[in-house]
Amino acid sequence: MAIEVRIPTILRTYTDGEKAVDGSGATLSALIDDLESNHPGIKDRLVEDKAGTPELRRFVNVYINDEDVRFIGSLDAELSDGDQVVVLPAVAGGAR
Amino acid sequence: MLTIDQATYDAIVAHAKRDHPDEACGIVAGPEGSDRPERLVEMVNAAGSPTFYEFDSTDLLALYKQMWDNDEEPVVVYHSHTATEAYPSTTDIGLANEPGAHYVLVSTREHGNNDGPVEFRSYRIVDGVVTEEEVSVVPALPEI
């Protein structure tokens, strides 16, 4: 089962410069684990541990077929073959 | 050094003044690898805050998809500080995820929404290291 994952510039150090890689998994969580097995280190940039529960990092946006995963179950969001996943770091900041 | 044309410079300043006291934000896209800030895209500050800015997640995806279709990248990422100097905050540094971009900071602390000069400064932010760079405002970008 192949899912295309678009990788942002800042994370391409983990993908040998590739802009997109293939992964697999029935959920976003499983997909990220699959990515980690081929691109060690990438998971920690996407997921953090919140009181024992893994959560998507606050300033990382992930989209499945153009839908922000935060609205469709976050790490539990379901995936199927042919889905397109995009990872984009937030563009954010502030005076403090 | 950041080389930017006068019209784009003026538009960024006008955006910052218009949105004061909230932070204004946006990008200037250009052809990949060109270092030419050609296409200004004003973004909505989804945080609507005087001390924080964030692109709306849906707008962010639409913006990047458009850039990918055009073989563009964000050459400039800009935002304003409305009560403090035009220097990247700890938050700005921690969240700077475009190592190839010029991070432009505009401070409207002196004149707010009114006419008058602003601080307009540019930085590279790579792996948490901030390097200020010269800003060269030209009548028009040089012909390719």
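Student: We're looking at a predicted model, so what makes strand 5 of chain A, residues 60-64, count as mostly covered?

Tutor: A residue is called buried once 20 or more other C-beta atoms lie within 10 Å of its own. In strand 5 of chain A, four of the five residues are buried.

Student: How do you know which strands pair with strand 5 of chain A?

Tutor: Two strands pair if DSSP finds at least two bridges between them. With strand 7 (residues 84-89) of chain A there are five bridges, in the antiparallel sense. With strand 6 (residues 67-68) of chain A there are two bridges, also antiparallel. At least two is what the rule asks for, so both count as pairs.

Student: Which residues sit across from each other in those pairs?

Tutor: Take A:Asn61: its bridge partner in strand 7 of chain A is A:Leu88. For A:Ile64, the partner is A:Glu67 in strand 6 of chain A.

Student: And what goes on in the hairpin of strand 5 and strand 6 of chain A?

Tutor: Two residues lie between the strands, and A:Asn65 takes a positive phi near 45 degrees there.

Student: What makes strand 8 of chain A and strand 4 of chain B a pair?

Tutor: Again, the rule wants at least two bridges. Three bridges join strand 8 of chain A to strand 4 (residues 52-54) of chain B, and the strands run antiparallel. That clears the cut-off, so they pair across the two chains. As one example, A:Ala92 stands opposite B:Glu54.

Student: Stepping back, what is the overall make-up of chain A?

Tutor: Chain A has two helices and eight strands. Along the sequence, the pattern is β-β-α-α-β-β-β-β-β-β.

Student: Why does the radius of gyration of chain A agree with a compact globule?

Tutor: Because a compact globule with 96 residues would come out near 12 Å, and chain A has 13 Å. The C-alpha trace of chain A spans about 45 × 30 × 25 Å along its principal axes.

Student: How much of chain A is buried?

Tutor: Of its 96 residues, 29% count as buried.

Conventions:
Residues numbered from 1 in each chain as written. Chains lettered and ligands numbered in written order. Predicted model: local features only at pLDDT ≥ 70, side-chain atom pairs only at ≥ 80, totals over all residues. Buried ≥ 20, exposed ≤ 12 C-beta atoms within 10 Å, placed from the backbone. Rg over C-alpha atoms; globule rule 2.2 N^0.38 Å.
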